[in-house]
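Please open the structure in a viewer and keep the selection panel at hand.

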Amino acid sequence: MATQHQDISRAKSAELFEKAKNFFPGGVNSPVRAFKSVYGTPLFIERGDEAYVWDADGNKFIDFCCSWGPLILGHNNAQIREAVAAQLDKGLSFGAPTRLENELAELILSNNSYIEKLRFVSSGTEAVMSAIRLARGYTKRDKIVKFEGCYHGHSDSLLVKAGSGLVTFGETSSAGVPKSFAEETIVIALDDKKALEEVFIRFPDQIAAVIIEGIPANNGLLLQDQEYIHFLRAITKEHGSLLIFDEVITGFRLGFQGAAHHYAVQPDIITYGKIIGGGMPVGAYGASKEIMSHISPDGGVYQAGTLSGNPIAMVAGIATLTQLAASGFYDKQEQTTKDFVETLRNYIADKNYEVQIFTVGSIFWFAFTAQQRISRAEQIDPQSMEKYKIMHRELLNQGIYFGPSGYEVGFISSAHTEEDLATSIQAIKNALDIVFQ
Ligand SMILES: *Cc1c(COP(=O)(O)O)cnc(C)c1O
């Protein structure tokens, strides 16, 4: 019978967390960091290097959270660090154009045939918020459609969840979002053509855009059929609505052309974040020249930012994307992840454990379920998260850091060595034995 490992010391982290509670709501600056969905105190991280992070108590972990996605090259990547250090000598911010913005834009646009122009912002939230405004300005329509189980940052229009009917106005999912805003957002289930058809019947000529995560990866990994995505493309086009791909996670994760290329579909607007800044705050939205001409100062859709195109952030982005553009980078990441997942799947099959591992590119997600396919948020059983909690604690005790919620996906970076992955596989096997004992 599997025996539980002894809990690692979190004394210093606990002390820092108590102090932090005096300063920040819940002791954190972003809610999921508070470890509400898993056991124990959040770990306060002191530093990271390659695939590892060290906490305030000196515990070392192999990190599969990777700052929620940006760190596709692992921690403390030498080229990013040197690029940032070199830029530091020249100044932190000018609020004026720099050649660095051109460089990063050229790197992106010359490797991505799905957008022709872009605008840099400072977060994924800001990118999506701006894309929605652009879609509304461009179509002169107000309503947007989003999908249950897709996260698009915390702007008002998008903190909306499904109402009671198949197709109704959404309900706010946060206090402080005006009801009138929620009424402009319609929320439907993923992978449901009928619901989508119904939307366009109920709200003719009113839908500015349908927004979807390139591959939904913020509420489990909800893989969609290519056929459904193509249906989405066709129906939006037919009704004069824009299709927005939110590629804040999938952009530069599934290759330079992200989910658009993965599904071979041309969205109207694409948003980026996370990897694009290599660990610095950068987001972007892009589209055809024609659609982007509606952004100020060329057009009437206003969008601005004091720190947009920040030089330190730009050089981190350039150093990151330059490494990702190297031939074979993504193939290797995908193969490494496939092997990792396959080894674990074999073990799970041998033991007959009720757990699935869904994967795409270098993203993976553990779902404690017997279902072979999960394409909608409602198919995730909230009860199954109890099993994730046990696995999460057991993994921390064995030096493996997963995101502190069973709804979060994991990432494999290029810094994860074969040895790191072998160690992690053994730890995950042990953890699963404990979950299912
Ligand atoms: C992370 C994320 C966002 C929000 O990005 P922030 O940088 O946290 O504001 C938006 N959309 C998707 C798909 C994301 O994964």
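Strands here are DSSP runs of E of at least two residues, and helices are runs of H or I of at least four, both numbered from the N terminus. Two strands are said to pair if DSSP finds at least two bridges between them. This is a predicted model, in which local features need pLDDT of at least 70 and side-chain atom pairs count only at pLDDT 80 or more, while totals for chains, interfaces and linings use all residues. Residues are numbered from 1 along each chain as its sequence is written, and side-chain values use heavy atoms, with hydrogens and water left out.

Seven strands form an open sheet with mixed pairing, in the order 4-12-11-10-9-5-8. Strand 4 (117-121) and strand 8 (185-188) are the edge strands, each pairing on one side only. From one strand to the next, the twist averages 20°.

Select helix 4 (residues 124-139), which packs on the sheet and touches strand 4, strand 5, strand 9, strand 10 (242-246), strand 11 (269-272) and strand 12 (283-287). A contact means heavy atoms within 4.5 Å. The direction of helix 4 makes about 165° with that of strand 11; axes are lines fitted to C-alpha atoms, for helices over the stretch in contact, and angles run from 0 to 180 degrees between N-to-C directions. Helix 6 (residues 193-202) also packs on the sheet, touching strand 5, strand 8 and strand 9, and its direction makes about 155° with that of strand 8.

Move to the open sheet of four strands, ordered 1-2-3-15 with mixed pairing. Its edge strands are strand 1 (45-49) and strand 15 (400-401), each of which pairs on one side only. Within it, strand 2 (residues 52-55) and strand 3 (residues 60-63) pair in the antiparallel sense over three bridges; tyrosine 52 has isoleucine 62 in strand 3 as its bridge partner. Helix 13 (residues 418-435) lies across strand 2, strand 3 and strand 15, at about 100° to strand 3.

**Aromatic rings**

The structure holds 18 aromatic pairs. Rings of Phe, Tyr and Trp (its six-membered ring) pair if their centres lie within 6.5 Å; planes under 30 degrees apart count as stacked, over 60 as edge-to-face and the rest as tilted. Select phenylalanine 61 and tyrosine 401: their ring centres are 6.1 Å apart and their planes at 65°, so the pair is edge-to-face. The pair links distant parts of the chain, strand 3 and strand 15, 340 residues apart. Both phenylalanine 61 and tyrosine 401 are buried, that is, under 20% relative accessible area, whereas exposed means over 50% and partly exposed lies in between (1.4 Å probe, protein chains only).

One aromatic cluster is formed by Phe64, Phe340, Phe364, Phe366 and Phe402.

**The whole protein**

Finally, show the entire model. The secondary structure comes to 13 helices and 16 strands. Of the 437 residues, 56% count as buried. The C-alpha atoms fill a box of roughly 60 × 55 × 45 Å, taken along the principal axes.
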